[in-house]
Amino acid sequence: MPYEDYTPLTSEEISRVLSKSSNTSAPGPDHIPYSVWKSVHRIKHSLLTALLDPLLAHGFHPPSLKKALGIVLDKPGKPSYNSPSSFRVIVLLRTHSKILERVVASRLAAQAVTCSLIYPLPCRSLPGRSMADASLVLQHNVESFHRLRYKVSTLFLDVKGGFDNVESPSLLSLLHRKGVSRYLVQCVGSILRDHTCRLTFQGSPRLFAPVSVGSLRDPLSPRFYLSYTSAPSTWKSPGLLLFATSTTLRL
């Protein structure tokens, strides 16, 4: 049975997700681009809805949708390519898996503010918020402290490998404590479990290997990370840090 707090998936939700999906995005192991699913959805609205609604209702992400291709690309300008750090991996997921994940991301975003899932500062990973908002908040805070004749310093942080270090148990515990809908918590848990990825490069073994840490899920990774870092026990890194001292400014 579906969870009591579940809201059925609609064709309009699918349409909104597909409208934000680029036809030029490289597909995953199934080699089905978004353009195919857009055509399918345009001809028969109920097909994708009927396919994905039971998975969302029961919080289940099938193992077949968790297989990804990892395209290994060299980083330009490196003096040596003898180290793994000289390469980046572009993860390609099945497009219908990403459609479902984008639905989950959209529903998480809708609960992000009411459940205090994110750090209070604006961020561009939520609808209606952008980096322009964050800039205006920073400007307002600086000018407010200046009027009080404080010295102000701003520290910008660029966290490396943030998505790769999201711990699933901690994230799920946080979502549960914050009162996120049970079916969404179950969806997130199912999505984060049992990843497999096949690295693609010259001479690669072409075998799918398990991925035990982090989040490979492109549509969901930003929201997972922002929610994860909003917990008191984790480092609040996704925003801007503003420090003011009581030293009087000399104008």
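Is R107 buried or exposed, at 9% relative accessibility? Buried, as R107 sits at 9% relative accessibility, where buried means under 20% relative accessible area, exposed over 50%, and partly exposed in between, with a 1.4 Å probe and protein chains only. I'll come back to that arginine in a minute.

Before that, some ground rules. What you see is a predicted model, where local features need pLDDT of at least 70 and side-chain atom pairs count only at pLDDT 80 or more, while totals for chains, interfaces and linings use all residues. Residues are numbered from 1 along each chain as its sequence is written, and side-chain values use heavy atoms, with hydrogens and water left out.

So, how confident is the predictor? The pLDDT, its confidence in each residue from 0 to 100, averages 78 over the protein chain, and 75% of the residues score at least 70. Helix α2, residues 34-43, has the highest confidence at 95, and strand β6, residues 241-245, has the lowest, at a mean of 46. Over residues 232-251 the pLDDT is below 50, and beyond near neighbours in sequence that stretch has 53 contacts in the model; a contact means heavy atoms within 4.5 Å.

Now the overall layout. We have eight helices and six strands in the protein chain; these are DSSP runs numbered from the N terminus, H or I of at least four residues for helices and E of at least two for strands. Along the sequence the pattern goes α-α-α-β-β-α-α-β-α-α-β-β-α-β. Of the 251 residues, 39% count as buried. If you take the contacts with a separation of 6 or more, 68% of them are between residues 24 or more positions apart. The chain exposes about 14500 Å², with carbon and sulfur atoms supplying 58% of that; accessible areas come from the Shrake-Rupley method with a 1.4 Å probe, and for residues only the protein chains shown count as cover.

Back to R107, then. The structure holds one salt bridge, meaning a side-chain nitrogen of Lys or Arg within 4 Å of a carboxyl oxygen of Asp or Glu. R107 makes it with E13, and the closest N and O atoms are 2.7 Å apart. R107 lies in helix α4 and E13 in helix α1, so the pair ties together parts that are 94 residues apart in sequence. E13 counts as buried too, because its relative accessibility is 13%.

Helix α4 itself runs over residues 95-112, and 15 of its 18 residues are buried. From first C-alpha to last it reaches 25 Å, close to the 26 Å expected at 1.5 Å a residue; that expected span is 1.5 Å times one less than the number of residues.

Next, a couple of loops. H31, between α1 and α2, has a phi near 60°, a positive value in a residue other than glycine, and H31 counts as exposed at 60% relative accessibility. R149, in the loop between α5 and β3, also isn't a glycine and has a positive phi of about 65°. R149 is partly exposed, at 39%.

Last stop, the surface. V89, L199 and F201 form a nonpolar patch there, with about 240 Å² of accessible area together. Patches take residues with over 30% relative accessible area and no salt bridge, joining like charges within 9 Å and nonpolar side chains (Val, Leu, Ile, Met, Phe, Trp, Tyr) within 5 Å. F201 lies in the loop between β4 and β5 and is partly exposed at 37%.

Methods:
pLDDT is the predictor's confidence in each residue, from 0 to 100.
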